Amino acid sequence: MRKLISYPLTFLYFFFFGLILVVFHPIQWICFNLFGYEAHKKSVSLLNWCLMRSTHLLGTRYTFRMATEIPTDVPVIFVANHQSMNDIPPLIWFFRKNHPKFVSKKELGKGIPSVSYNLRHSGAALIDRKNPKQALGEIAKLGRYIEAHNRSAVIFPEGTRSKTGHPRKFQPMGLKILLKNAPSAVIVPISINNSWKLLQYGKFPYTAGIHFTIDVHAPVKNKGNVAAIIDEVEATITAGITSFKI
């Protein structure tokens, strides 16, 4: 029954999702080219609020829990597990005060209305997974950027999305490079649950009635042994990944 209901709701969701991307593309262009960074950033925040809320058409519910307030006067590195592309809009919206910039594969930097434009102009690190030198250089540049401007980077160290919700082992090199180039940053572990269930039937239909949770753990200082810091962050994230009933 759930899958049957999901079909018409997915058609409705896709329509509004696509409409939002098309509408916000020229809005971003105008904001960026005529009014600068701050206006563009606000348009991107609003874009992602709309994208997140469009999932309500599927009956998606969100629970966002923070262990403590996240500082805005120091650089921040958000480290999260990755379950679907639907992870991204709530992270951009909820952490909008921290100006989040993503580590993303370069293929997303072209061809997608609104999304590609934002990635190319917001300061994201667009990496070529087949070219480690280029990838690490982009991540290092992002680390220096957030260090200089007290902004934030978002990285998914698993390297790819988990299609079952089970956490993958961290690939730590990208995070190491960020930590090295943003020495005053705090690291904020994030556990994401249930966004994978939106795609449990494949790309169509999206699953109706999912309870999507985001747990933001206490910040970890970027001091001491880097490997030990990454192990601590990974353990915290993994401990927060649980199985919820749909």
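Glu234 is buried, as its relative accessible area is 11%; buried means under 20% relative accessible area, exposed over 50%, and partly exposed in between (1.4 Å probe, protein chains only). The model is predicted: local features need pLDDT of at least 70, side-chain atom pairs count only at pLDDT 80 or more, and totals for chains, interfaces and linings use all residues. Residues are numbered from 1 along each chain as its sequence is written, and side-chain values use heavy atoms, with hydrogens and water left out.

The side chain of Glu234 meets that of Lys169 in a salt bridge, at 3.6 Å from N to O. A salt bridge here is a side-chain nitrogen of Lys or Arg within 4 Å of a carboxyl oxygen of Asp or Glu. Glu234 belongs to helix 7 (residues 226-239) and Lys169 to the loop between strand 5 (152-155) and helix 6, so the pair ties together parts that are 65 residues apart in sequence. Lys169 counts as exposed, at 62% relative accessibility.

## Other salt bridges

The structure holds 4 salt bridges. One of them joins the side chains of Arg65 and Asp215, at 2.5 Å from N to O. Arg65 is in strand 1 (residues 61-66) and Asp215 in strand 7 (residues 211-216), so this pair ties together parts that are 150 residues apart in sequence. Arg65 is partly exposed at 36% relative accessibility, while Asp215 is buried at 15%.

Lys141 forms a salt bridge with Glu138, and their closest N and O atoms are 3.4 Å apart. Both residues lie in helix 5 (residues 132-149), 3 residues apart, or about one turn of the helix. Lys141 counts as partly exposed, at 45% relative accessibility.

Ile177 is part of helix 6 (residues 173-181) and is buried, with a relative accessible area of 17%. Leaving aside residues up to four places away in sequence, Ile177 touches Leu136, Ile139 and Ala140; contact means heavy atoms within 4.5 Å. Glu158 is 19 residues from Ile177 along the chain, and the C-alpha atoms of the two are separated by 15 Å.

Tyr7 sits in helix 1 (residues 2-35) and counts as partly exposed at 31% relative accessibility. With residues up to four places away in sequence not counted, Tyr7 touches Phe204 and Pro205. Tyr7 and Leu199 are 192 residues apart in sequence, and 12 Å separates them in space, C-alpha to C-alpha.

## The whole chain

The protein has 7 helices and 8 strands. Helices (H or I, at least four residues) and strands (E, at least two) are DSSP runs, numbered from the N terminus. The radius of gyration is 18 Å, close to the 18 Å that the globule rule gives for 246 residues, so the protein is as compact as a globular protein of that length. That radius is taken over C-alpha atoms, and the globule rule is 2.2 Å times the number of residues to the power 0.38. Along its principal axes the C-alpha trace spans about 55 × 45 × 35 Å.

Of the 246 residues, 50% are buried. Among contacts between residues at least 6 apart in sequence, 74% join residues at least 24 apart. The protein exposes about 11900 Å², and carbon and sulfur atoms supply 61% of that area (Shrake-Rupley method with a 1.4 Å probe).
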